[in-house]
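Biologist: I would like to learn how to read the interfaces and a few local features of a complex. Please take me through them one at a time.

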Amino acid sequence: MPVKNYNKSELNKEMIINVGPQHPSTHGVLRLVMTLNGEVIKDTKPVIGYLHRGMEKLAESRNYFQYLPMVDRVDYLSSFFCSAAFCYAVESIAELKVPKRAEYIRLITMEFNRIASHLMWVASFLLDLGATTPMFYAFREREDIVKLFEDLTGQRMMYNFYTFGGVKKDLPEGWMTKALDLCKSMPKMFDEYEAIITKNPIFMERTKGVGVLSQEMAVDYAITGANIRASAIDFDLRKTNPYSVYNEIDFKTHLAQNGDSYDRYRVRIAEMRESVKIIEQALKQIPGGTPEKLKVKSVNCGCKNEDCEFCGFDAQLVGKKLNAAVFKPPAGEAVSMIEAPRGVITCYVLSDGTNKPVRVKWRTPSFSSVQVLPELIKGKNYSDLMPIFGSLDVVLPEVDR
Amino acid sequence: MKIVFNKTVSGIIEIARGMFTIFKHAFRPAITLEYPEKKDIFSSRIRGRLALTTNESGNLDCIGCMSCTKVCPCGDLIQIDTSKDENNKPVINNFTIDLGRCISCGNCTQACPKQAIIMTDEYELADYSRGALVFDKEKLKLSPEKSAEWRDKKARDV
Amino acid sequence: MHDLYLEIFNKLGIPTIFAEITWTVIPFIFVAILLILVVIFLVLMERKVLAWLTVRKGPNRVGPFGFFQTIADAIKLLCKEDIMSKDTNKILFTLAPMIVFAPIMVIYGLIPFTEKLVAINLAAGLFLVFALSSITTVGIVLAGWSSNNKYSLLGGMRSAAQAISYEIPLIIAVLSIAVLAGTLNLPDIVAAQAGGASDEIFLNWNIFSWNIIPAFIGFVVFFICSIAEVNRIPFDLPEAESELVSGYNTEYSGMKFALFFLAEYAAMFIMSVLIVTLFLGGYLSPFNDYLSITLFQNVIHNQTILDVFVHIEQGFWLVAKTYFVIFMIIWIRATLPRLRADQLMSFAWKFLLPLSLVNLTIVAVFKYIVTLAQT
């Protein structure tokens, strides 16, 4: 119906638009209430909580072994990392030692998970920008990695593979050969993505100089991971506070200078290539070698010496076999920090001597990245929302827990 | 002027390189798996539907120790009803699992001391009502031959 | 052919007035059937080609090789509920898809498919084609405004700005074709591209007199502008799925959405046929004579049947060249990301417009030299 008595000054009002919870590109259910003036964004308010599942409250009514499968679901794209954070915290309280073979298996699975998560990011980032084919190529690579995980743990996601003190099962036969073959073929696939995208003039126009994250802003908002390494801050937990066996592996961290979306893309692609090199080194250095060799040598050796390579402590899978029903760590608290694909995941566990934790607190990296979005996008064009938001790599299960 | 010309030429070359990379893919075999005519092959560690194994005489291997109920994350998912027979051996009257609420984590299979509950490779469990997914002892039981087959498979892979 | 038709009517005893009326209607019926067949095949071809370029298989369940997929889609869209929001302007909402689709149907009648098969033969056919294709912009803006939805409004406005900006280099590139051919009549433009460069043994192939050789820059400009006119990637900001949830056709469902959908594919085909007609020689074969004549000249002695064969071969050449151009358009869709709105505008005004003027200069000089050489 036509409006009859309108006020002339009301015609220049700003438009409030809802990039609603149901949207093809918010990487989950995130609602952004935006105030637009024509095509220029004046203000953004993210509204979260649509995917809140009460992960921290659930821990108060379950014992440690019952909570372990739920930890995978805090961020289902990097579930090995969340599992590792919880396990390291509980092992710190209960003073369990983890054998070296288990640490190497944890490292290999974590790095494969990092590659899979970054591939998922590449697929969705480029799909938001309009290039529809790299998505299918990235999922083809991810399918290979996920098949490896299915042979190892039995499921394609939500693996439930780590336990307190080690891992639940050994590598199956032939797994290491398949993993090494995959490591050889993956850099060629990364070269293909680079040929399609990296020097594409349209992509460079769209992402260069867009969404520059300055160093002060990054430190103020506690942003970690590849986002901060693209702004030339050298902070990688695997080098500064090494956990697991990262101090025995030789790798580099990649930095970029400008901090715009293009640099975040370059840093993540470089991290994928570095992860492949880490996996190759770890597969060669794993104590005991392949599972067939380990079985044969430990039967032949039989020396039961603590330091023996094949039948000592470091060739086990679990430090101490625990009884799931009556596992009671002593009273205490512990914090563990892990370098996940999106940043630093922190897990704080407080126990009081019973078999249920009193409090489990998760600090996830996407929560901080969402908070920096309104700052980065103020005054920019509406079409810049996708390159900026996509390059920050925000995943909603991490934000809402 | 020279900058514009250089940028244009390099832009065209990069776009052409991307286009040829994509064109090569048109000659590679498709990676589509045409379900349901072709299905995937799984390893023995697959975490499909839960099942109870039986021994040669057709009785359940389960001894009623309730370890699986203590580690299941879903609360009261597994309901076991036991009693003792004349030789003081445990007899399982009823064993109900609500498969609609199961998250396939595998905690129960790891906690069982007798390997009496295992995860098979069935995943096509869709049905028309939620009540149809509550499996009782008869539906969960495997025949003795299949139990032996699965036990072998899982034993070969520690 | 006309005499044959009159003879049939005479034999059946129907007065000749009916023969005259229906003779003029037959090309239109042919064009309408062609439109439906083309769009059905094109939707499937796009999905299949996109799938092959991404190592997948396209639709292959409905019919052999998925031939009936589009019919299944059309039936599904027909059976959907026709949703209209409470506050929309119902007349404009219903009128918008028709305004987008109808002019494209008219343009199908102007294209020369073979030497004699052109439904509307106007002296200023080229002019009418571009006048009609500008009407679709009005339909898109109407669709965006009458949906009572902020997203659709944004999409409609962007589309109008984009369509207007990209029409100018398009028209200037077409102007160079008018210079080369000396006429605005489409069948004459195609006929002017026959003959080859000279009369020698290799150079008298038709391919050397196609308009693409002097006007290559114009071909590139026309190609890029036609992708922008049809709203395809990399210029599909008005209906970008990840930014505006499908832009101006967000609120449409059922048959109205099917009209928008079909209009986009029909427009893509029309633009490709125009590229082929103006630059790539239309229905002419690239060799010096038609293959049917060289192959069948000594076998078949009836002139009418040979004519029919030649016409079929001309149709085949047109279709083959058109689908080659469509394959290039789909290939570009698979490769490139989307351009932002202001980058799109600056690309059109600062890059394509000067380029098309340069092309016009080159073509004018070329035509002057050729006319001098011929006298």
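**Reading the chains and their contacts**

Modeller: Start with the contact of chain B and chain C, where contact means heavy atoms within 4.5 Å: 18 residues come from chain B and 14 residues from chain C. This is a predicted model, in which local features need pLDDT of at least 70, side-chain atom pairs count only at pLDDT 80 or more, and totals for chains, interfaces and linings use all residues. Residues are numbered from 1 along each chain as its sequence is written, chains are lettered from A and ligands numbered from 1 in the order in which they are written, and side-chain values use heavy atoms, with hydrogens and water left out.

Biologist: What area is buried between chain B and chain C?

Modeller: The size of an interface is often given as the accessible area lost when the parts come together. Here buried area is the accessible area (1.4 Å probe) that two parts lose on being put together, summed over both. For chain B and chain C that is about 1400 Å², with carbon and sulfur atoms giving 68%. On the chain B side, B:Met19, B:Ile22 and B:Glu34 lose the most area to chain C, together 37% of what that side buries.

Biologist: How many salt bridges does the rule find across the interface of chain B and chain C?

Modeller: A salt bridge is a side-chain nitrogen of Lys or Arg within 4 Å of a carboxyl oxygen of Asp or Glu. The rule finds 2 across this interface. One of them joins B:Glu34 to C:Lys57, with the closest N and O atoms 2.4 Å apart. A polar contact is a pair of N or O atoms within 3.5 Å; within protein, one must be able to donate a hydrogen and the other to accept it, and residues adjacent in sequence count only if both atoms are side-chain atoms. Across the interface of chain B and chain C, 5 residue pairs are in polar contact (both at pLDDT 80 or more). By class, the side of chain B that touches chain C has 11 nonpolar, 4 polar and 3 charged residues. Ala, Val, Leu, Ile, Met, Phe, Trp, Tyr, Cys and Pro count as nonpolar, Asp, Glu, Lys and Arg as charged, and the others, Gly among them, as polar.

Biologist: How many residues of chain C are in contact with chain A?

Modeller: 28 residues of chain C touch 35 residues of chain A. The area buried between chain C and chain A is about 2600 Å², and carbon and sulfur atoms give 56% of it. The count between these chains is 1 salt bridge, and C:Arg340 and A:Asp384 meet in a salt bridge at 2.9 Å, N to O. By class, the side of chain C that touches chain A has 14 nonpolar, 4 polar and 10 charged residues.

Biologist: Where in chain C is confidence lowest, and where is it highest?

Modeller: pLDDT is the predictor's confidence in each residue, from 0 to 100. Chain C averages 83, and 94% of the residues score at least 70. Helices (H or I, at least four residues) and strands (E, at least two) are DSSP runs, numbered from the N terminus. In chain C, confidence is lowest in helix 10 (residues 241-244), at a mean of 52, and highest in helix 9 (residues 216-229), at 92. For the complex, the predictor gives an ipTM of 0.87 and a pTM of 0.89.

Biologist: Is C:Thr114 buried or exposed?

Modeller: Buried means under 20% relative accessible area, exposed over 50%, partly exposed in between (1.4 Å probe, protein chains only). C:Thr114 counts as buried because its relative accessibility is 6%. C:Thr114 sits in the loop between helix 4 (90-108) and helix 5 (125-133) of chain C. Its side chain makes a polar contact with the side chain of C:His311 (3.3 Å).

Biologist: Which backbone angles deserve a look?

Modeller: Most residues other than glycine have a negative phi, and most peptide bonds are trans. The peptide bond from B:Tyr35 to B:Pro36 is cis, with omega near 5°. The bond from C:Ile233 to C:Pro234 is also cis, with omega near 5°. A:Asp393, not a glycine, has a positive phi near 60°, and A:Asp393 counts as buried because its relative accessibility is 6%.
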